[in-house]
Every structure is written in C-alpha cells, then in structure tokens.
Amino acid sequence: MTNVNSAILDSLRRQRWLGQLDAAALRHLASRCQRLTFTQGEKIFNEGDDQRFSLLLEQGSLEIYRDTRQGEEKVFQILGPGQWVALAAVFMDHGRFPMNARARADGYGVRIPHALLHDLCLRYPALTLSFLHHFCNQLYATLNHVDWLTSSSAAERLAAWLVDFSHNGQQLALDLPLSRAQLAARLGMRSETLCRLLSQWRKEHIVSGMGNRMQLENIAFLQTLSQGARRQF
C-alpha cells in the first residue's frame with residue numbers, strides 16, 4: 001500500500017472541492033503531495049519561475065504581488081488558510097508563475113503537483129466544474145475591479161476599500177495590511193494622492209491615526225462616498 005501522510009490527507013479531505021473525490025483518489029493525491037513550510041518574509045516563488053505546483057494554504061498568510069516599473073510593489077491578493085495559491089496558473093500555456101508570492105507570517109501548506117491536478121480534472125468532471133465556477137467568479141471580480149479603477153474617483157476608491165476592510169463599519173480600529181505605496185498601487189493612484197487624501201480626512205475628523213494604525217471616525221461619510229464605486233451584483 002502506498003505510504004500516505006495522514007495530515008496531508010486530512011487537509012485535502014477538508015477542501016470543499018477535493019472532498020468530492022472518492023477515497024482512493026484522495027489517497028493517491030495525498031501520496032503525491034508534499035508539505036511546504038515557510039517563515040515570515042520568505043519568498044515562495046518568483047514571477048517567471050517554472051510553475052510545477054499549486055499550494056493549498058493551511059496556516060499563515062501570503063501576499064501575491066508584482067514589482068512595478070517604478071520600483072514599487074503592487075499587491076493583488078493576501079491569502080489565508082484554506083485558500084489556493086496559483087491555481088489558475090496550473091492551466092496557463094506559458095507554464096510559469098505570473099506573480100510573486102511572499103510569506104506575511106509563518107505557516108505551511110500542501111504542495112500539489114500541477115500534472116496531478118490536470119489528471120484529476122480529466123477524470124472527475126465535478127471537480128473540473130468547481131474549478132471553472134471559481135475561475136469565472138475571479139474573472140468577473142477582475143472585470144469589475146478594472147471598471148472600478150477607471151470609472152471612480154480616488155476618494156471613492158479609498159472610501160470603498162476602507163469600508164470593505166472594516167467589514168462595512170463593524171470594525172472601526174484598523175491595522176492596515178499594506179504600506180502606503182502598496183495601497184496606492186492597489187487603488188490605482190499615486191502615493192502622493194493617497195497621502196493627500198488621508199491628510200485631508202484627518203483634518204476633517206473622518207479618520208485618525210498614523211502609520212498602519214487607523215481609526216474610522218466617520219464611517220457614515222465613507223459609506224456614502226463609497227456608493228459611487230460599487231456595483232449592485
């Protein structure tokens with residue numbers, strides 16, 4: 001019988017898509033996977049590296065980013081436990097990681113060979129449909145994000161981001177996960193524009209705090225302003 005790491009098998013079984021596989025397929029998958037551990041600040045992969053695996057994150061967090069031509073970092077995602085890393089890249093023709101991944105905190109995950117994911121999709125249509133559903137939702141979110149960047153003001157985008165990050169005002173004391181430069185790049189504005197907006201809002205007692213610690217003092221103002229940057233669905 002093939003030797004199977006029970007911890008890896010349990011992690012795969014808990015993943016809602018892989019949990020659809022039968023017991024034999026799950027054991028075969030677990031026997032081919034490896035545990036990947038990382039420490040805060042460690043690079044998991046670089047943009048352009050050969051893409052030979054996807055990572056199912058179990059513990060810790062990763063930031064997915066690109067370096068801009070201006071020497072800044074544009075963070076696209078911050079991923080946590082239970083999320084996939086570089087899943088879409090498994091099915092891309094170029095066979096390379098399209099972004100960088102770096103650990104924000106110590107953690108570990110299950111490293112799943114991309115060839116094995118290809119084989120599972122051919123054998124299990126339900127799994128393929130789950131992946132397709134996931135990719136379609138991501139594509140729709142990306143289209144909405146592009147529309148958001150090009151049709152809203154800098155103030156509307158910043159307000160919408162703060163409202164979303166505060167869970168629509170449920171958490172008013174924030175510890176921002178991005179630097180000013182990273183947040184500006186994420187919101188499609190220059191760092192100077194972001195700093196000017198925050199300075200103005202501090203004077204108007206809309207926000208307070210310095211650095212990455214921020215208090216939302218007037219959540220109603222931010223919620224109203226953010227409506228112009230939102231879609232109904």
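1. Domain bounds here come from an automatic or database domain assignment. On that basis the protein divides into domain 1 (1–148) and domain 2 (153–228). The centres of the two domains, taken over C-alpha atoms, are separated by 30 Å.

2. This is a predicted model, in which local features need pLDDT of at least 70 and side-chain atom pairs count only at pLDDT 80 or more, while totals for chains, interfaces and linings use all residues. Residues are numbered from 1 along each chain as its sequence is written, and side-chain values use heavy atoms, with hydrogens and water left out.

3. In contact terms (heavy atoms within 4.5 Å), 11 residues of domain 1 meet 10 residues of domain 2. About 930 Å² is buried between domain 1 and domain 2, 54% of it on carbon and sulfur atoms; buried area is the accessible area (1.4 Å probe) that two parts lose on being put together, summed over both. Within domain 1, Glu 72, Val 75 and Trp 148 lose the most area to domain 2, together 50% of what that side buries.

4. Zero salt bridges are counted between domain 1 and domain 2, taking a salt bridge as a side-chain nitrogen of Lys or Arg within 4 Å of a carboxyl oxygen of Asp or Glu.

5. Strand 4 (73–79), strand 6 (100–113) and helix 4 (125–151) are the elements giving two or more residues to the side of domain 1 that touches domain 2. Strand 4 supplies the largest share, five residues. Helices (H or I, at least four residues) and strands (E, at least two) are DSSP runs, numbered from the N terminus.
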